[in-house]
Amino acid sequence: MPGLSQLEAATLEGSVFVVRREDEATGARIIAATTRPDPTVGLVFYDLKHCLRSVIDGASENGAKRTKKKADDAT
């Protein structure tokens with residue numbers, strides 16, 4: 001779904017959180033977490049977004065290193 005970036009599904013037993021982020025270099029990435037009942041919603045979303053950003057930044061950085069290495073090997 002375009003535009004959907006975060007979702008919480010809550011039950012009496014706990015919640016499921018999903019965050020999606022799209023990046024030009026790595027494409028769409030999704031991260032999810034489950035919690036106990038009554039989590040601190042803002043904190044869960046903050047942590048998931050931070051984690052996803054770290055994964056995307058790491059993937060972009062590794063891709064740049066691989067591209068540079070291939071270019072260096074060709075010369």
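Me: Asp38, buried or exposed?
Reply: Asp38 counts as exposed, at 77% relative accessibility. The cut-offs are under 20% relative accessible area for buried, over 50% for exposed and partly exposed in between, with a 1.4 Å probe and protein chains only. This is a predicted model, where local features need pLDDT of at least 70, side-chain atom pairs count only at pLDDT 80 or more, and totals for chains, interfaces and linings use all residues. Residues are numbered from 1 along each chain as its sequence is written, and side-chain values use heavy atoms, with hydrogens and water left out.

Me: Where does Asp38 lie?
Reply: Asp38 is in the loop between E3 and H1. Helices (H or I, at least four residues) and strands (E, at least two) are DSSP runs, numbered from the N terminus.

Me: What about the phi of Asp38?
Reply: Phi is positive there, about 55°, although Asp38 is not a glycine.

Me: And Pro37, where is that found?
Reply: Pro37 is in the loop between strand E3 (27-35) and H1. Pro37 counts as partly exposed because its relative accessibility is 42%.

Me: What does Pro37 touch?
Reply: Leaving out residues up to four places away in sequence, Pro37 touches Leu12, Glu13 and Gly14. Contact here means heavy atoms within 4.5 Å. Pro37 and Leu12 are 25 residues apart along the chain, and their C-alpha atoms are separated by 6.3 Å.

Me: Changing topic. How many aromatic pairs in the whole structure?
Reply: The search finds 1 aromatic pair. The rings of Phe17 and Phe45 have centres 5.0 Å apart and planes at 85°, so the pair is edge-to-face. Rings of Phe, Tyr and Trp (its six-membered ring) pair if their centres lie within 6.5 Å; planes under 30 degrees apart count as stacked, over 60 as edge-to-face and the rest as tilted.

Me: Which elements hold Phe17 and Phe45?
Reply: Phe17 is in strand E2 and Phe45 in helix H1 (residues 41-74), so the pair links distant parts of the chain, 28 residues apart. Phe17 is buried at 0% relative accessibility, and Phe45 is buried with a relative accessible area of 9%.

Me: Which residues make up the largest nonpolar core?
Reply: That core has 8 residues: Phe17, Val19, Ile31, Val44, Phe45, Leu48, Leu52 and Ile56. E2 and H1 are the elements that give two or more residues to this core, and H1 supplies the largest share, 5 residues. A nonpolar core is a set of buried Ala, Val, Leu, Ile, Met, Phe, Trp, Tyr and Cys residues joined through side-chain atoms within 4.5 Å.

Me: What about Leu7, where is its place?
Reply: Leu7 sits in strand E1 (residues 6-10). Leu7 is partly exposed, with a relative accessible area of 43%. Beyond four places in sequence, Leu7 touches Val16, Phe17, Val18 and Phe45.

Me: Last one, Ser15. What joins its side chain to Glu8?
Reply: A polar contact of 3.3 Å joins the two side chains. A polar contact is a pair of N or O atoms within 3.5 Å; within protein, one must be able to donate a hydrogen and the other to accept it, and residues adjacent in sequence count only if both atoms are side-chain atoms. Ser15 lies in strand E2 (residues 15-23) and counts as buried at 6% relative accessibility.
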